[in-house]
Amino acid sequence: MDKKKTIEMMHSLKIFSGNANKDLAVKICDYLNVPLGDATAERFPDGEINIKVNEDVRGSDVFLIQPTCPPVNENLTELLIFIDCFRRASSARITAVIPYFGYARKDRKDEGRVPITAKLVSNLITEAGADRVITMDLHAAQIQGFFDIPVDHLLSFPVISNYYESLNIPDLVVVSPDVGGIKTARHYSEKLKIKLAIVDKRRVGPAETEVGFVIGDVKDKNVVIVDDMIATGGSIVQAANTLKEKGAKDIYVGATHPLLCGSAVEKFKTAPIKEFAVTDTIPLTENAKSLGDKIKILSIDKLLGESIRRTHLNESISSMFNDAK
Ligand code: R5P
């Protein structure tokens with residue numbers, strides 16, 4: 001595409017942010033060299049959300065950056081109201097950029113009388129007026145199919161794997177903390193040319209897991225556990241304890257979404273884990289900052305910025321993840 005056309009197209013690109021992760025939105029705008037759209041998301045005295053977009057978006061290609069991280073219900077509702085606002089203001093296209101997609105755990109009826117919230121939230125986003133979605137490391141990749149609009153499912157893998165490649169840790173083994181994470185761990189194993197091990201985790205309640213044994217050799221090896229999210233930290237800490245029992249040396253963790261809720265931070269202070277590398281899909285809580293050097297933030301700003309640029313210019317996104325096929 002010639003430069004003049006690219007510049008013309010970039011003109012109609014507008015990026016807005018709700019309150020969930022403005023720092024990330026600013027970094028994305030820096031990467032794309034566009035200003036952050038002018039909008040306010042405040043509260044009425046009774047707590048209702050009051051949104052106002054303060055610039056013209058008629059005919060624009062709008063990208064709204066809003067992960068649905070805690071406070072989940074506030075952030076989700078802001079997302080929906082923003083989309084409605086852009087639709088009524090005649091935007092040409094609205095892309096909901098949801099770096100962390102909350103309410104994803106319930107993606108099927110695994111027992112009687114439970115909802116499928118991942119489907120409900122997908123319906124709400126579509127019904128509000130989103131034309132497409134960009135998201136990252138969904139809790140279950142099949143959630144893409146809950147939308148009848150295009151979904152670009154990005155992976156943090158290039159960012160986290162580059163980091164571990166740069167550390168050049170000897171005798172490193174990548175560990176999946178459960179059977180569901182094997183595919184992701186295999187990507188790391190192939191890219192970093194290291195062996196793979198699996199921790200056998202069983203869920204015994206919404207916030208409780210039980211760890212059994214390790215498949216693969218971790219004795220006298222350094223290990224990196226890779227996971228999509230850390231919520232209560234139970235899975236990671238139990239996996240780390242089991243790996244230590246099996247003779248692992250230094251334990252690292254690479255995870256995309258650092259929810260770090262409940263007593264996760266306290267658990268991590270004493271866990272046998274050398275360092276956590278997490279991304280900025282969601283902001284780190286004040287409490288989590290007390291982990292100091294034990295937590296390393298890797299930004300996915302360029303990855304998201306580049307995906308937005310490519311979406312806007314109708315260029316391929318999947319080619320950004322050739323290493324993860
Ligand atoms: C499980 O399937 C996920 O990949 C994470 O391991 C899990 O959701 C993390 O939750 P928690 O930190 O509460 O154990």
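Biologist: Why is aspartate 280 called buried?

Modeller: Buried means under 20% relative accessible area, with exposed over 50% and partly exposed in between (1.4 Å probe, protein chains only). Aspartate 280 has a relative accessible area of 8%, so the label buried applies. This is a predicted model, in which local features need pLDDT of at least 70 and side-chain atom pairs count only at pLDDT 80 or more, while totals for chains, interfaces and linings use all residues. Residues are numbered from 1 along each chain as its sequence is written, and side-chain values use heavy atoms, without hydrogens and water.

Biologist: What makes the pairing of aspartate 280 and lysine 27 a polar contact?

Modeller: A polar contact is a pair of N or O atoms within 3.5 Å; within protein, one must be able to donate a hydrogen and the other to accept it, and residues adjacent in sequence count only if both atoms are side-chain atoms. The side chains of aspartate 280 and lysine 27 are joined at 2.9 Å, so the pair falls within the cut-off. The aspartate 280 side chain also reaches the backbone nitrogen of isoleucine 300, at 2.9 Å.

Biologist: Which residues is aspartate 280 in contact with, leaving aside neighbours within four places in sequence?

Modeller: Contact means heavy atoms within 4.5 Å. For aspartate 280 the list is Asn21, Leu24, Lys27, Ile297, Leu298, Ser299, Ile300 and Asp301.

Biologist: What makes helix 10 largely enclosed by the rest of the structure?

Modeller: Ten of its twelve residues are buried, so the description of helix 10 follows from that count. Among them are Asp301, Leu303, Glu306 and Arg310. As for the name, helices (H or I, at least four residues) and strands (E, at least two) are DSSP runs, numbered from the N terminus.

Biologist: How do you know that the span of helix 10 is close to the expected one?

Modeller: The expected span is 1.5 Å times one less than the number of residues. For the twelve residues of helix 10 (301-312) 16 Å is expected, and the distance from first C-alpha to last is 16 Å.
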